[in-house]
Amino acid sequence: MATIGFIGLGNMGAPMAANLVKAGHLVSGFDIVAGRAEALRTKGGRAATTMPEAAAAGEIVITMLPAGPDVRSVYLGDAGVLAHAHKGALLIDCSTIDVETARWVATAAADARFDMLDAPVSGGVIGAKTASLTFMVGGDVEAFDRARLVLAAMGQTIVHAGPAGNGQAAKICNNMILGASMIAVCEAFSLAERLGLAAQTLFDISAKSSGQCWALTSYCPVPGPVAASPANRDYVAGFTAAMMLKDLRLAQQAAGASAAATPLGSVATNLYQLFVDEGMGGLDFSGIYRFIRKREVKI
Ligand code: NAD
């Protein structure tokens with residue numbers, strides 16, 4: 001059993017922290033939104049009332065925050081993790097952020113004599129709830145070995161991706177695939193509708209053909225074929241379009257910095273930008289189907 005401070009109890013963090021409790025760990029949670037730590041307490045965890053309290057709660061500190069600036073402030077601020085964590089604590093940031101910030105914060109942690117890992121996840125809220133996330137981990141191998149047990153309580157696949165920042169590099173490459181493939185699936189269903197091909201029929205065929213991909217078979221953007229997908233709940237997120245846009249922008253930023261050509265990634269970023277600009281950023285990212293399909297057009 002480990003003692004763990006968990007900061008950021010949102011869509012992902014709340015079920016991840018709950019799974020740590022279920023696995024027998026002593027988890028003290030904190031979130032700036034009132035009531036989220038209390039919700040963890042009702043599941044058997046502890047509710048920290050301040051960030052320093054959560055940061056000092058144990059031998060491991062895990063963060064699951066929206067974006068890079070949040071990670072900087074939670075780790076580097078006066079009330080933050082580096083200022084308050086126990087000597088020798090292992091720090092694990094599971095947020096999806098830019099590679100540069102991940103490396104910057106890891107260096108600051110190393111200067112303060114903490115081991116730190118960037119460990120972003122794939123698998124969405126469903127994976128967080130069912131403890132089946134994939135973790136892509138950057139940092140020292142020794143720190144990775146120390147983290148394995150707690151990560152295994154929240155995920156099924158745990159991969160060491162290399163030194164600090166490489167977990168984030170893997171994550172933004174993966175999400176560039178996801179953003180582009182979700183749009184491709186949406187376009188295919190929209191075209192099928194205009195050609196008089198039923199969505200379920202296209203699903204049944206493509207799920208067993210070369211068009212098969214996660215966006216189709218696990219997260220189908222069209223209501224009907226996949227019971228668990230947000231399309232069947234009016235696109236309540238899940239993983240918001242605003243978060244997908246954030247990840248695509250991170251990929252574009254990294255592509256620019258490394259002179260990598262990513263034309264499909266660039267188009268996907270612009271389409272998600274237009275979708276979010278229509279006020280749809282809070283919808284699940286698969287809701288871009290509505291934007292691509294528009295209303296039914298008679299031809
Ligand atoms: P979320 O917005 O639901 O949760 C983030 C939480 O962090 C919120 O509860 C917020 O109040 C809290 N927070 C923000 N600043 C804080 C601070 N200073 N101190 C304490 N708490 C603070 O976001 P999410 O969907 O849980 O995503 C979290 C991260 O995981 C993001 O980086 C996202 O890109 C990544 N991610 C999300 C999904 C998904 O499907 N939702 C999938 C994979 C990765």
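1. Let's start at the ligand: one of its oxygen atoms has a polar side-chain atom of Lys246 3.0 Å away. Arg36 also brings in a polar side-chain atom, 2.5 Å from a ligand oxygen, and Asn11 uses a polar backbone atom at 2.9 Å from one. A polar contact here is a pair of N or O atoms within 3.5 Å.

2. A word on the model: it is predicted, so local features need pLDDT of at least 70 and side-chain atom pairs pLDDT 80 or more, while totals for chains, interfaces and linings use all residues. Numbering runs from 1 along each chain as its sequence is written, and side-chain values use heavy atoms, with hydrogens and water left out.

3. Now the shell. The ligand is surrounded by 25 residues, and the closest are Asn11, Met12, Asp31, Arg36 and Pro66 (a residue is near if one of its heavy atoms lies within 4 Å). They split into 14 nonpolar, 7 polar and 4 charged, with Gly counted as polar.

4. Where do the shell residues come from? Domain 1 (3-163) and domain 2 (169-294) each give at least three, with bounds from an automatic or database domain assignment. Helices α7 (124-129) and α12 (241-258) each supply at least two; helices are DSSP runs (H or I, at least four residues).

5. Have a look at the loop between α11 (214-217) and α12, which holds Gly238. The Ala237 to Gly238 peptide bond is cis, with omega near 25°. Asp234 sits in the loop between α11 and α12 too, and its phi is positive, near 60°, though Asp234 is not a glycine.

Definitions and conventions
A polar contact is a pair of N or O atoms within 3.5 Å; within protein, one must be able to donate a hydrogen and the other to accept it, and residues adjacent in sequence count only if both atoms are side-chain atoms.
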